Amino acid sequence: MFKKKDNQEKDTQEKKGFFGKLVKGLTKTRDNILGGVDQVLGSFTKIDEDFYEELEEALIVADLGVNTAMTIMEDLRQKVKEKKIKDTAEVRDLLMEELQELMKNEENLYDFTEKKSIVLIIGVNGVGKTTTIGKLAHQYKEAGKKVILAAGDTFRAAAIDQLAEWSNRAGVELISQQENSDPGAVVYDAVQAAKARNADILICDTAGRLHNKKNLMEELRKLFKIISREYPEAHKEVLLVLDSTTGQNALQQAKQFKDIADITGIVLTKLDGTAKGGIAIAIQTELNIPVKYIGVGEGMDDLQRFDSEEFVTALFNEEG
């Protein structure tokens, strides 16, 4: 009983600690989005067409993109009309509500962590894939799961070495082969190991050469085929890692990868210190792919499950 209470207190403290990091990490994004929004709200005394146009422009400039800004403004107009709002200052609260609704995730998004699961991590090189795998492995292991990693990006020796380092730090097993080995063979071995050792979660790294889309597509298809054939009862999770500092480029990458794979979730890295964190809103709104994890630092515990309410609260209120 005491242990359960201690764990709950620890979780609460960690959540508060992460929220503090999120508030701090979103400072530049907050300035970027709300700087323009507040300027518009302070410049207009009545809600008219000019007001809406200026507000939409402020959202577009803040890396939310044209389509997302238009979606937000359409809903905002409707709510202003329904609630008969006349004061521009009240629009700020409405905008906050609107963003929380847009970003809201379903509650079952993390069910895979309670099943026998194979998690494929995809994304271009340099976005933080290997680091993400290490942090997820640490997180799952801390939750009492038996985790195995597969070094499926065999085209870069650095990727294999880096993953070996993370597996040591997280204290989990790594299945790997030499550089330029067949990724399919690595994943096959890893699947056999996961079954034999009764692992809860197998996390597979993959190559990230998006410029050669056809080859990447074939490679991922091959990996999916091996997994489905060798371990059909395992839940398959496909997480796309994106670097939030790249803004609209991250959205384009997500669109391209969506053509290649059935993505079940997004991991947004490097949210701390970027002004382009609004891309989280654009990705979820335009592609209808949930943001599942966000990273706001280099530490092992600086990658956490995405909470839309926390994210928008941190975005709008620096005091938390």
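What percentage of the 320 residues in the chain is made up of buried residues? Buried residues, meaning those under 20% relative accessible area with a 1.4 Å probe and protein chains only, make up 51% of the 320. This is a predicted model, in which local features need pLDDT of at least 70 and side-chain atom pairs count only at pLDDT 80 or more, while totals for chains, interfaces and linings use all residues. Residues are numbered from 1 along each chain as its sequence is written, and side-chain values use heavy atoms, with hydrogens and water left out.

The chain holds twelve helices and eight strands, which are DSSP runs numbered from the N terminus, with helices (H or I) of at least four residues and strands (E) of at least two. Its radius of gyration, taken over C-alpha atoms, is 21 Å, close to the 20 Å from the globule rule (2.2 Å times the number of residues to the power 0.38), so the chain is as compact as a globular protein of that length.

Strand S4, residues 201–205, is mostly covered, with five of its five residues buried. Ile201, Ile203 and Asp205 point one way from S4, whereas Leu202 and Cys204 point the other way. In a regular strand the side chains alternate between the two faces of the sheet.

S4 also has paired strands, where pairing requires that DSSP finds at least two bridges between the two strands. Strand S1 (residues 117–122) pairs with S4 in the parallel sense over five bridges, and Val119 has Ile203 as its bridge partner in S4. Strand S2 (residues 147–150) runs parallel to S4 and is joined to it by four bridges, with Leu202 of S4 as the bridge partner of Ile148.

Notes. Buried < 20%, exposed > 50% of the residue type's maximum accessible area, 1.4 Å probe, protein only.
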